[in-house]
Amino acid sequence: MLALFRDEANLAEALRHLRAARIGPLETYTPAPLRDEALTSPIPVIILAAGLIGATASLALQTYSYTVAYPFPIGGRPQFAWPSFLPTVFENAVLVAIAAGFAAFMLINRMPRLYEPIDEADVTREVSRDGWVVAIRSGDNAVLDHARRILHGVGVERIEEVAG
């Protein structure tokens, strides 16, 4: 179900009421970013964790290989010569962080999505000009009816049902 609003204030109020009623997953389609969006992205945390895991794994692998598996004393250098490990640790941390960030972005945004029935709705054509749209995805008719009652109470301009 798609609901069209003419201004951001009505959309923000509708989102507040829909979230308070715990209506299923909500997606917004807007001509500009929402100013008071309460949701934050988990992608930076995923990138940080992946970078730390990559750095730790790289340091552990180098430490193991130089001290346990293949000790090779050269010129009185200690077996655990950590300064020489740092460039590889940094490179592997960046590599793992970028790969995890890309994968997280693709998964969170459900990409690549070659077809979306919402794109064919008349309401979504308004978004590129001045429409503010919220999409409510639910297969339960009772949830959709409850959402419809909430939307009519906050000044929705038009509601459109989308199959799929």
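I began with helix H1 (residues 8-20), which lies across strand E1 (2-5), E2 and E3 and runs at about 20° to E3. Contact here means heavy atoms within 4.5 Å, and the angles, from 0 to 180 degrees, are taken between N-to-C directions of axes fitted to C-alpha atoms, for helices over the stretch in contact. Helices (H or I, at least four residues) and strands (E, at least two) are DSSP runs, numbered from the N terminus.

I then looked up helix H5 (residues 141-153), which packs on the sheet and touches E1, E3 and E4, its direction making about 160° with that of E3.

I noted that this is a predicted model, in which local features need pLDDT of at least 70 and side-chain atom pairs count only at pLDDT 80 or more, while totals for chains, interfaces and linings use all residues. Residues are numbered from 1 along each chain as its sequence is written, and side-chain values use heavy atoms, with hydrogens and water left out.

Next I traced the sheet, which is open, has four strands in the order E2-E3-E1-E4 and shows antiparallel pairing; two strands pair if DSSP finds at least two bridges between them. Its edge strands are E2 (26-29) and E4 (158-160), each of which pairs on one side only. Neighbouring strands of this sheet are turned by 20° against each other on average, direction ignored.

I followed the pairs around E3 (residues 132-136), which is joined to E2 by four bridges, the two running antiparallel. Glutamate 27 stands opposite alanine 135 in E3, and tyrosine 29 has valine 133 of E3 as its bridge partner. E1 and E3 also pair in the antiparallel sense, over four bridges, and phenylalanine 5 has tryptophan 132 in E3 as its bridge partner.

I asked myself why E3 is largely enclosed by the rest of the structure. The reason I wrote down is that five of the five residues of E3 are buried, where buried means under 20% relative accessible area, exposed over 50%, and partly exposed in between (1.4 Å probe, protein chains only). Trp132, Val134 and Ile136 on one side and Val133 and Ala135 on the other are all buried, which leaves both faces of E3 covered.

Last, I turned to leucine 86, whose place is in helix H3 (residues 82-108). Leucine 86 counts as partly exposed, at 42% relative accessibility.
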